[in-house]
Amino acid sequence: MSFKRKAGDAGLDSAKKPKVNASITSFFGQPKAEPKTNSPATSLKADATPTSSTADRAEPTPIKFDKDAWLAKLTPEQKQLLALEISSMDESWLAVLKDELVTKEFLDLKKFLKSEVESGKKVFPPSSDVYSWSRHTPLHKVKAVILGQDPYHNVNQAHGLCFSVRPPTVAPPSLKNMYIALKKDYPDFKAPPRNGGLLTPWADRGVLLLNTCLTVRAHEANSHANRGWERLTQKVIDTIVAKRTKGVVFLAWGSPAQKRCAKITGTKHLVLKSVHPSPLSAHKGFMDCGHFRKANEWLEERYGADGVIDWNLDVEPEEAGV
């Protein structure tokens, strides 16, 4: 396939990052909004019959949501705890996750995060980036899902998209292995400039880059695991399965990601499974899994030539002010 990029596909995440010593107001307050852009062996679970009618290929309509009416039903405490979700989660996702957000489990998670910040702990990613995945890839634009686990826990790494890092941080080892696999699928693949790892172009083109856990304490891997994020992100996956009925490709690398996709059966969606791209396991089958090409072949059968994903990443961050 050609990697020729369409106009408007090069948007990048340009949200302003909080100061290093961010306060509780910074973490729970309103972040600057990002502009939206609309743009060992592998096992398969494929749809049986490709959809080809013009109606089926039409762009889905965003879910209607009366945000003001929902807000009017919240208690003052709920509004305070959910300030970040209210101000920064894309409304296409807020519309389908709103009931989950007011559960005791999720509110307890927000209380825990509040206590982390109030006690002086630094939390990654910056508050403005926790839900950047939702703004870059609205629900009605999702064509593929790549699943990660814990956010990166060092400075200038995590920004709300799994596997992605902000410049000038160089691509971590797992992402470099993804580039190698991509080069095998598409010899003309172009990685980010200067050995970078910014994946916002993928997110803007319909690839949801979702971590299982959305926050982490600085320099402490998995420190926010099993606190409630997993329930919310599983809801995200289940919602995609239920709402994106024309079909979505799930790239599930490693056992944790595959467990997240265990309930995806039937003929609507495609699940591509392989070992994780980590240097510890990539040599066991990931490098030759062919997932990037297989995803596009399936999407082209479903949606036509316009449905394939441009995997190229040769976009200068400066073009979008990052």
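The lining of the second largest pocket divides into 13 nonpolar, 12 polar and one charged residue. Asp, Glu, Lys and Arg count as charged, Ala, Val, Leu, Ile, Met, Phe, Trp, Tyr, Cys and Pro as nonpolar, and the others, Gly among them, as polar. A pocket is an open set of points on a 1 Å grid over the protein atoms alone, where a 1.4 Å probe fits, with protein on both sides within 12 Å along at least five of seven lines; lining residues have an atom within 4 Å of a point. Of the 26 lining residues, Asp150, Pro151, Tyr152, His153 and Phe163 lie nearest the pocket centre. The model is predicted, and local features need pLDDT of at least 70, side-chain atom pairs pLDDT 80 or more, whereas totals for chains, interfaces and linings use all residues. Residues are numbered from 1 along each chain, and side-chain values use heavy atoms, without hydrogens and water.

The largest nonpolar core has 82 residues, and Trp93, Tyr131, Trp133, Trp202, Trp229 and Ile240 have the most contacts inside it. Such a core joins buried Ala, Val, Leu, Ile, Met, Phe, Trp, Tyr and Cys residues through side-chain atoms within 4.5 Å. Helix H6 (residues 91–101) gives the largest share of this core, six residues; helices are DSSP runs (H or I, at least four residues), numbered from the N terminus.

H6 is largely enclosed by the rest of the structure, because eight of its 11 residues are buried (under 20% relative accessible area, 1.4 Å probe, protein chains only). Trp93, Glu100 and Leu101 are among them. The buried residues of H6 pack against elements including helix H7 (104–118) and helix H11 (229–243).

Notes:
Buried means under 20% relative accessible area, exposed over 50%, partly exposed in between (1.4 Å probe, protein chains only). Helices (H or I, at least four residues) and strands (E, at least two) are DSSP runs, numbered from the N terminus. Contact means heavy atoms within 4.5 Å.
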